[in-house]
Amino acid sequence: MMDTKKRANNAAAGETAGSALDEKRIANKLAIVGVAGNVALSAFKLFAGIFGNSAAMVSDAVHSLSDVFATAIAFLGVRISQRDADESHPYGHERFECLASMALGLILAATGAGIGFASIQSIATGAYQHATAPGWLALSAAVVSIVAKEGMFWYTRHWARAMNSDAFMADAWHHRSDALSSVGALAGIGGAMLGWGVCDPLASIVICLIIFKVAFEVLRDAVDKVTDTPCAPTFELEVRDCILAQDGVMRIDALRTRKFGNKVYVDAEIAVDGQLRLVDAHAIAERAHDAVEQGFPTVKHIMIHENPA
């Protein structure tokens, strides 16, 4: 049985995310872009919502402000997950990224709940009927927000994939949910400007539902990765084929996988010729072990046990 660790080597735009130094630099860039961009965008949308008389835009500004905390949490989770194994965490720190993703999901859900409650209250009390119609400032802010947040989504997703980072991928979808909420705000503001005042709070309810959907998906993915959920059948089949391709492996008696943050653990039992010497059987298992860890960068560790055939 062997225990060899191997970090992934992923390249993106000429930068190697596999090295810890590069991952830290990329994480720093994403944090700066996320925090600075969202602070500026939140301030602009809040100003436009207040002076442009749009509740939907104020709600959208609150959503953007929550992205500041989301990016900070994602950054913290990634940095902790990059630490080497120690006495307190002998298997590594990858699951801290999952905890960061859970926190992001909860922030999203809380943000959506607050926006939804305020919107339903406005419709139930008829407060929207007495509100001043939104102006062009609010409409312009919605357009700016859609373009900016969609750009931040693609940028963050690109590097999240390069780093194989769940936390930053969750942060990317947080940006996308903000872009979608701005589309809802744009529709609501446009309707209210045409004289349908109820469109503004209705748009906020749509924003709320979009946020809830994203929060659910983020939380579900994070929970899967901290509860030893197996990998997809296609991934397990590829690992099985890789092991069977090694000389001396007669069959696979058992194969199990489990997610560990953004990494994977594999346990396998292989059958080899029962007449072989122990050192020869071990060499077969070692070849299978190395083939899997070298061929599948996400595999943090594979444990192989040899059974006599």
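This report walks through the salt bridges of the structure above.

The model is predicted, so local features need pLDDT of at least 70 and side-chain atom pairs count only at pLDDT 80 or more, while totals for chains, interfaces and linings use all residues. Residues are numbered from 1 along each chain as its sequence is written, and side-chain values use heavy atoms, with hydrogens and water left out.

You will find 4 salt bridges here, a salt bridge being a side-chain nitrogen of Lys or Arg within 4 Å of a carboxyl oxygen of Asp or Glu. Among them are these:

| Salt bridge | N to O distance |
|---|---|
| Arg 176 and Glu 150 | 2.6 Å |
| Lys 213 and Glu 217 | 2.6 Å |
| Asp 253 and Arg 251 | 2.7 Å |

Let's begin with Arg 176 and Glu 150, whose side chains meet in a salt bridge. This pair links distant parts of the chain, 26 residues apart: Arg 176 sits in helix H5 (residues 166–193) and Glu 150 in helix H4 (residues 136–163). Helices (H or I, at least four residues) are DSSP runs numbered from the N terminus. Arg 176 is buried, at 17% relative accessible area, whereas Glu 150 is partly exposed at 24%. Here buried means under 20% relative accessible area, exposed means over 50%, and partly exposed lies in between (1.4 Å probe, protein chains only).

Next come Lys 213 and Glu 217, both in helix H6 (residues 199–224). They are 4 residues apart, and therefore separated by about one helical turn. Glu 217 is partly exposed, with 33% relative accessibility.

Finally, in the pair of Asp 253 and Arg 251, Asp 253 is partly exposed at 32% relative accessibility, and Arg 251 is also partly exposed, at 40%.

Methods. Helices (H or I, at least four residues) and strands (E, at least two) are DSSP runs, numbered from the N terminus.
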